[in-house]
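Have the sequence and the structure open as you read.

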Amino acid sequence: MKALHRKLFRDVVHMRGQLFAVALVVMCGVATFVTMVSVYQSLLATRAAYYQRYRFSDLFASVKRAPESVAREVETIPGVASVQSRIVMDVTLDVPGLGEPATGRLISLPDDREPLLNDIYLRRGARFDPGRSDQVIVSEAFALANRLSPGDSLGAILNGHLRRLRIVGVALSPEYVYEFSGRGSLFPDNRRFGIMWMSRDAMSAMFDMKGAFNDICLGLVPGVSGRGVMDRLNHMLDRYGSPGAYDRNDQMSARFLADELSQLRSSAVTVPVIFLGVAAFLLNIVLARLVGMQRDQIAVLKAFGYGDRAVGLHYFEFALFAVLVGAALGTGLGMWLGLGLTKIYTNYYRFPILTYVAGPDVIAWAIIIAGGAALLGALSAVRRAVKLPPAEAMRPALPQRFTAGPVERLGLTRFMGANTRMVVRSLERNPLKAFLSILGIALSVAILITGSFSYDAITYMNDLQFQTIEREDVTVVFNSGLSASAAYDLLNLPGVIRAEPFRSVPVKMRAMNHMRQLALQGLPSRSDLRRIVDSDRRRRMLPSEGVVLTTNLAQLLGVRVGDSVAVEVLEGDRSTRRLIVTGTVDELLGTSAYMEITALNRLMREQGTISGAYLAVDGKQAPELYEKLKRTPAVAGVAVRRASLESFEKTIAESQNITRFAIVIFAGVIAFGVVYNSARISLSERGREMASLRVLGFSKGEVALMLLGEQAILTVLAIPLGFGLGYLFSASISAAASSDLYRIPAVIAAATYARAAIMVVVASLFSALLVRRRLYRLDLVDVLKTRE
Amino acid sequence: MDDHARANPANTGAGGGDAVVFRVRNVSKIYTMGEVEVRALNDVSLELYNGELLVLLGASGSGKSTLLNILGGLDLPTSGHVTFRDQDLTAATEQQLTRYRRDAVGFVFQFYNLIPSLTALENVQLVTDVAVKPMPASEALAMVGLTERVGHFPAQLSGGEQQRVAIARAIAKRPDVLLCDEPTGALDFTTGKMVLDVIDRVNRELGTTTAIITHNAAIAAMADRVIRMSSGQVVETRRNEVKSAPEDLSW
């Protein structure tokens with residue numbers, strides 16, 4: 001079948017423009033898929049390798065103070081592979097170049113050997129000298145945020161005394177991929193909170209912990225469930241004031257990372273599947289029309305004795321060519337972008353290792369999905385063509401029956417010129433084809449919207465969180481509960497305009513067999529600086545009794561308003577009490593529980609105790625305020641809203657922008673590929689008609705207007721449909737991406753709609769120009785002479 | 001006259017064989033075009049004999065193209081039977097028809113229907129690639145006098161040249177029958193005669209049973225036998241006692 005292959009080759013060369021556009025669509029679909037899925041798989045592999053190599057522990061618990069012998073006892077629990085006891089202390093820091101006080105978490109490292117668990121990766125500098133109480137290794141995030149290097153020093157309040165600590169090294173830890181202070185902040189603030197590692201001997205001496213520890217980590221024997229071990233551990237540690245052991249699911253950094261990765265997975269799966277699906281659908285349409293145009297050649301092949309199978313295979317190969325080129329380009333591009341993106345993520349998460357995996361399964365799937373759909377498209381057209389008896393196929397397709405369509409029946413054509421009337425009739429005559437064209441263009445609008453959606457949603461969340469909910473300038477957290485008058489004392493500090501107290505109590509909340517460890521927040525019912533707000537921005541007042549849960553939390557616990565929950569307080573007398581759920585609030589971020597502050601005080605059987613306060617501050621006096629706070633021993637930490645806003649934006653923006661950029665580019669290419677092919681094919685299909693009109697005396701411009709006018713109407717009709725589809729796609733991503741920590745709202749900015757519409761209109765105009773150029777070059781005689 | 005021809009198959013003259021190649025019995029073909037029913041063939045019966053050159057004459061719409069398409073296995077009748085030698089074409093499966101077209105039939109169409117993306121030689125090879133006992137493609141092109149133009153694409157050839165490529169393509173497989181649908185319909189007088197000369201030569205030299213359909217009565221003079229059709233029916237069958245050479249035709 002050499003001649004047939006040569007035909008294949010020549011057809012491919014001849015239709016290279018259109019096939020290239022098809023290949024681009026395949027490329028974008030495949031590239032998106034390979035990029036996103038490979039990044040996800042790589043990050044999973046990297047995380048696993050990181051956790052394993054640096055011996056990230058499986059269980060964690062803290063105590064007030066326990067003798068070292070308890071650690072030996074813990075080792076005997078069946079299923080425990082290794083135990084590392086430590087001393088962990090939060091201290092207030094005076095960081096050079098930082099106005100406000102920062103918090104440092106000092107973690108002890110053994111002096112004589114590497115830790116059995118939670119080892120660190122030393123990025124720069126060296127380890128401290130054994131026993132030195134003035135040397136620390138700091139976490140890289142903290143060092144970078146504060147421009148600290150080995151050799152620099154910073155001030156710390158240790159046991160009431162201001163001391164100078166010298167930085168000897170900069171390190172990473174699997175335990176603090178994200179450095180959460182654990183004080184209810186939803187995002188790490190690397191300037192004001194950092195991890196520091198210090199000699200165990202030095203810390204024992206400094207904090208009166210000789211032969212004792214206040215934190216313990218456990219590694220489990222592979223395959224052992226943490227549940228049983230946790231129960232035994234809790235039993236052992238209870239009398240040492242442990243609030244309860246937790247596993248990696250409740251370890252903030254691990255949990256946040258897991259959430260991030262699962263969110264990435266949802267976008268790694270949902271977005272590419274949508275893209276690939278759209279690309280496949282478009283290929284189906286485009287190839288069906290390309291093959292449909294060759295129906296007379298199919299008839300000739302059949303007339304000369306080529307069987308249906310041979311003819312089918314020929315067009316199959318035609319489609320396969322575009323698909324393979326696209327898939328090869330897409331796989332290459334996808335792996336390149338995937339590796340790049342994995343590097344960026346690895347940097348971003350500060351993983352000391354990089355593992356890039358683009359499994360053959362990923363590539364195979366991408367090609368199967370894109371290729372399968374393309375080939376199906378070609379096959380359905382070939383089947384239609386070969387089904388016709390050759391004698392019939394050799395004649396041009398029968399003219400469609402002309403009946404008056406709805407526009408005509410309504411008499412609207414009276415108001416139209418001959419041109420418009422022809423355009424309208426041509427659309428009405430073949431509504432299915434018109435609909436498929438509209439759907440194709442609409443899908444490209446939709447994926448453009450989908451590409452930008454996550455950014456919009458996050459901007460909305462950001463706005464909601466930091467403009468409507470958190471209105472304070474500064475949050476001050478005390479070392480321990482203080483009396484309500486402390487809030488008034490804060491008012492006396494420089495620049496403080498307003499202070500509103502809050503109470504925060506660590507609790508385990510239970511309902512049926514669900515349990516959640518969280519901080520129960522007590523706020524004044526008319527709290528202004530911190531508001532309780534529904535996702536639709538409606539403000540909610542706290543009822544004077546009972547607890548208000550976020551919708552997420554209520555779902556996790558399986559409770560509704562009117563149900564009761566058991567609350568085990570993890571400080572003080574550690575009693576368990578029951579609370580009635582008196583309301584739910586539809587917050588997007590976090591799983592929180594709120595109570596009116598006096599109700600919470602009653603629950604705690606205390607008199608107006610507060611854990612801290614939200615402050616409204618006069619910006620001009622802020623430096624003075626920070627200086628004062630730094631030197632106030634009762635203050636454990638200070639969070640500045642502007643700073644968390646920045647860190648929020650940085651956290652989100654970095655991880656989102658790159659993907660968003662790639663996705664929008666891909667969506668743009670797909671949109672162009674579709675619009676161009678759609679216009680180009682309708683020129684091929686109707687070239688004869690257009691030439692006839694020219695022969696009848698219509699000008700080039702009039703003829704162009706007729707063909708392109710049709711495209712314009714299709715595009716205009718497609719845009720609103722695309723908006724609807726875009727919203728649906730976005731809603732499905734939002735549903736897939738929501739986690740315990742946050743829910744992504746299905747919010748799309750008006751600008752995103754506008755941008756998608758503009759991009760498709762520009763793609764249409766550009767294709768129109770290309771098609772018009774071809775239309776102007778139509779050889780009238782040539783077109784008309786070969787056929788009746 | 002009509003009956004006479006059919007009753008005396010031995011008398012078909014020309015290149016010799018007297019065996020029946022095609023037997024058409026009571027064939028009707030009805031097309032439904034939109035809401036209109038068109039009766040293209042109405043109870044047609046006729047025979048084609050081995051080696052003869054038959055001209056099917058008729059105005060446009062007389063049903064001659066439909067008949068030719070049915071003979072070539074490109075279309076099926078609504079009722080009636082067509083046999084090619086011992087094979088019932090009307091009962092054949094799609095595969096059998098494909099086989100039949102591949103091995104037995106050569107087509108020449110009014111509009112050539114060359115594949116635009118293949119050169120003259122490649123268009124012929126398209127057929128020799130799948131044929132059982134083809135002649136070399138270049139030999140077929142030599143027979144139609146196109147040795148010089150084998151590397152040209154259809155768009156680079158004149159209408160007459162394109163039609164000669166189409167004839168080369170049709171004969172290269174050494175078909176049992178050559179079916180020509182208005183082969184000169186799109187050509188001028190001189191070019192048309194040149195094409196007819198090629199068909200005539202193929203008929204004589206290869207002994208290929210040939211059917212030419214045309215609306216041009218002048219062409220009938222080169223046939224062994226002429227069947228005239230009108231409104232889907234055979235209205236006349238006659239034998240030319242003296243065949244004219246194509247170059248002597250005029251219209």
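## Terms and model

Buried means under 20% relative accessible area, exposed means over 50%, and partly exposed lies in between (1.4 Å probe, protein chains only). At 26% relative accessibility, Arg6(A) therefore counts as partly exposed.

This is a predicted model, where local features need pLDDT of at least 70, side-chain atom pairs count only at pLDDT 80 or more, and totals for chains, interfaces and linings use all residues. Residues are numbered from 1 along each chain as its sequence is written, chains are lettered from A and ligands numbered from 1 in the order in which they are written, and side-chain values use heavy atoms, with hydrogens and water left out.

## Where chain A meets chain B

Contact means heavy atoms within 4.5 Å. Chain A brings 28 residues to the contact and chain B brings 30 residues. The size of an interface is often given as the accessible area lost when the parts come together. Buried area is that loss for two parts, found with a 1.4 Å probe and summed over both. Between chain A and chain B it is about 2,600 Å², and carbon and sulfur atoms give 61% of this. Arg10(A), Phe304(A) and Tyr306(A) supply 24% of the area that chain A buries against chain B, more than any other three residues.

Polar contacts are pairs of N or O atoms within 3.5 Å; within protein, one must be able to donate a hydrogen and the other to accept it, and residues adjacent in sequence count only if both atoms are side-chain atoms. Between the two chains, 9 residue pairs are in polar contact (both at pLDDT 80 or more). Helices (H or I, at least four residues) and strands (E, at least two) are DSSP runs, numbered from the N terminus. Helix 1 of chain A gives the most to the side of chain A that touches chain B, with 7 residues.

## Charged pairs

Side chains of opposite charge can pair when their charged atoms come close. In a salt bridge, a side-chain nitrogen of Lys or Arg is within 4 Å of a carboxyl oxygen of Asp or Glu. The structure holds 45 salt bridges over all chains, and 3 salt bridges are counted between chain A and chain B. One salt bridge links Glu122(B) and Arg6(A), with the closest N and O atoms 3.1 Å apart. Glu122(B) lies in helix 4 (residues 120-128) of chain B and Arg6(A) in helix 1 of chain A, so the pair joins two chains. Glu122(B) is buried, at 8% relative accessibility.

How many partners can you find for Lys302(A)? Glu94(B) is one of them, at 3.8 Å, N to O. Asp308(A) is another, with the closest N and O atoms 3.4 Å apart. Lys302(A) is buried at 1%, whereas Asp308(A) is partly exposed at 29%.

## Strands and a buried arginine

Two strands pair if DSSP finds at least two bridges between them. In chain A, strand 12 (residues 474-483) pairs with strand 21 (residues 609-617) in the antiparallel sense over 6 bridges. Here Val476(A) stands opposite Ala613(A). Strand 12 also runs antiparallel to strand 22 (residues 635-640), joined by 5 bridges.

Arg530(A) sits in the loop between strand 14 (514-523) and strand 15 (532-533) of chain A. Arg530(A) is buried, at 17% relative accessibility. Its side chain makes a polar contact of 2.9 Å with that of Glu472(A).

## Cysteines

Cys28(A) is buried at 0%, and Cys217(A) is buried at 0%.
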